[in-house]
Amino acid sequence: MAYTSRRFYRGLPAAVQKVLVAWHGRRIRQERFGPEYDQLARFLKESERSDPGKLREYQEERLGRLIRHAYETVPYYREVMDERRLKPADIKHIEDLTKLPVLHKEDVRRAGTRLLSSAMPKRALKRVGTSATSGTPLSIWWDREVSVMNHACYMRLRSWAGFPFGAPYATMQGRPVVPTRQTRPPFWRHNPSWNQLLLSTLHLTDENLGLYVAEIRRFGTVALEAFPTCAYVLARYLETRGEYLPLSAVTSTGEQLLPHERQLIEERFQVRIFDAYSQAERIVFSSECEEHDGHHLYAEYGVTEIVDEDGHPVPAGTPGLLAGTSLHNFGMPLIRYACGDVGALRDGGCACGRTLPMLDGLTSRVGDFIVTPDGRMVPAIMVSWSMKEVPGVKLWRIIQERREAIRMLVVRDRPLEERDEKVIRVYFARRLGPEVDVQIEQVPDIPRSSTGKFRHVVSSVPLVWGDANRWERS
Ligand SMILES: [Zn+2]
């Protein structure tokens, strides 16, 4: 749904929302399934096991086209390339991309519509907003081609995950579904042309969870696409009741999937979860395969570099900023765009035999790491282990403003005792260093962002790049 219409949608009466959801669903279906989609889907099926050289050839052919197009029709890039005395012919190979600067969020905000191609009428583009959790929202414009490509990549993910598209499925992601202020059910809408149950991510209170589970069962849901924390909340509810809700497929995106969440979700829905990563800027798409051993980069989607703060690529295994170049959005070309997420490339392949490159370990945001006094980056995934020792914890968040201190908020179904606090303190002293002051507070709830996303770590301490040893992995 377009960025500007979200607030409008939230204010509408339920009956009008129902009609709108059905209409929007039909329209999107027409837009995304067509001859272009069929062709792309066939191509993606073949290319995932093709020779890596062929994949690179495909990327460089599209990159050449994109650079030419950007130079000829995008005012921002004409200026950037002229300043550097570059012509499109100077950027033929992926390595040549380093001749161009990394594009940061601030650059996109400043450039505004100068990043749009003059060759495409504005009415042919769709304006969307990036999530407000990653700072001030940005306006991003998609052309039709990138929408179809993104959809084809989602369909690839679904096919890997064993998701029988067409069968009833439920979605718990960032879309507005019912007004935030609403206190009575239904907290969902139906999208008949996709056979989809859209569940609100903003009404997951203890009182409502039974209603959610009943509706998921009533709808005959066979697959679930969710933010991990939302699927986890449902799984926890099932666990407390000793119940299971067997599904054919569960996929997660939008937040980092933590090990304790994965374990409980897989146990209660009785299926392996397929984690995926994408973003509104449409520059990087990656997901797990049936091996669940890191993410495959969907290389047909874009060129992904991992760079340090100066834009220099870092070696495989070393964490850095994800800088993505979309190979399909000619309406608003984003070249070497650093969206603020962090990852590492893996040297070597996957046991599944697919030739798509691998993204190792985590994909998280810059602010999702705790930074220790000696400059190490500790991701939320590491902290989650400590919570295993404290039963009954529903939610937790760590807030960090300086290296020497953290504040931990905990939502638990019973009061935190001294013993529990001690377990947490001992863990942090070992993990972060004894000099870090740990404040623990039990709170009734921890709010999600307006898009329904949840962050386990919110840190404003700057990271130090370029050294693999700084990244805590085990
Ligand atoms: Zn694989």
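Modeller: What follows is a close look at helix 12, with a few other places in the chain for context. The model is a predicted one, and the description should be read with that in mind.

Helix 12 runs over residues 418-432, which makes 15 residues, and from its first C-alpha to its last it reaches 20 Å, close to the 21 Å expected at 1.5 Å a residue. Within helix 12, Asp420, Ile424, Phe428 and Leu432 are buried. Seen down the axis of helix 12, the buried residues fall within an arc of 70°, so they line one face of the helix. On the face of helix 12 turned away from the buried side one finds the exposed residues Glu418, Arg419, Lys422 and Arg430.

As to what the buried side meets, the buried residues of helix 12 pack against strand 16 (369-371), strand 17 (377-379), helix 11 (380-387), strand 19 (405-412) and strand 20 (437-442). Just after helix 12, Gly433 takes a positive phi of about 115°.

Val371 counts as buried because it has 21 C-beta neighbours inside 10 Å, and, leaving aside residues up to four places away in sequence, Val371 touches Met377, Arg403, Ser459, Val461 and Leu463. Trp142, by comparison, is 229 residues from Val371 in sequence and 35 Å from it in space, C-alpha to C-alpha.

Elsewhere in the chain, Arg78 has its place in helix 5 (residues 75-83) and, because it has 15 C-beta neighbours inside 10 Å, counts as partly exposed. The C-alpha atoms of Arg78 and Ala405 are separated by 46 Å, the two residues being 327 residues apart along the chain.

For a pairing of helix with helix, one can turn to helix 8 (residues 206-218) and helix 9 (residues 228-240), which pack at an angle of about 95° with their axes 10 Å apart, and helix 8 and helix 9 are therefore roughly perpendicular to each other. Their contact is made by Leu209, Tyr212 and Val213 of helix 8 together with Val233, Leu234, Tyr237 and Leu238 of helix 9; by class, this contact has 7 nonpolar residues, no polar and no charged ones.

Methods: Residues are numbered from 1 along each chain as its sequence is written. This is a predicted model: local features need pLDDT of at least 70, side-chain atom pairs count only at pLDDT 80 or more; totals for chains, interfaces and linings use all residues. Helices (H or I, at least four residues) and strands (E, at least two) are DSSP runs, numbered from the N terminus. The expected span of a helix is 1.5 Å times one less than its number of residues. A residue is buried if 20 or more other C-beta atoms lie within 10 Å of its own, exposed if 12 or fewer, and partly exposed in between; C-beta atoms are placed from the backbone. The arc is that of the directions from the helix axis to the C-beta atoms. Two residues are in contact if their C-beta atoms, placed from the backbone, lie within 7 Å. Axes are lines fitted to C-alpha atoms, for helices over the stretch in contact, and angles run from 0 to 180 degrees between N-to-C directions. Angles under 35 degrees count as roughly parallel, over 145 as roughly antiparallel, 65 to 115 as roughly perpendicular and the rest as oblique. Ala, Val, Leu, Ile, Met, Phe, Trp, Tyr, Cys and Pro count as nonpolar, Asp, Glu, Lys and Arg as charged, and the others, Gly among them, as polar.
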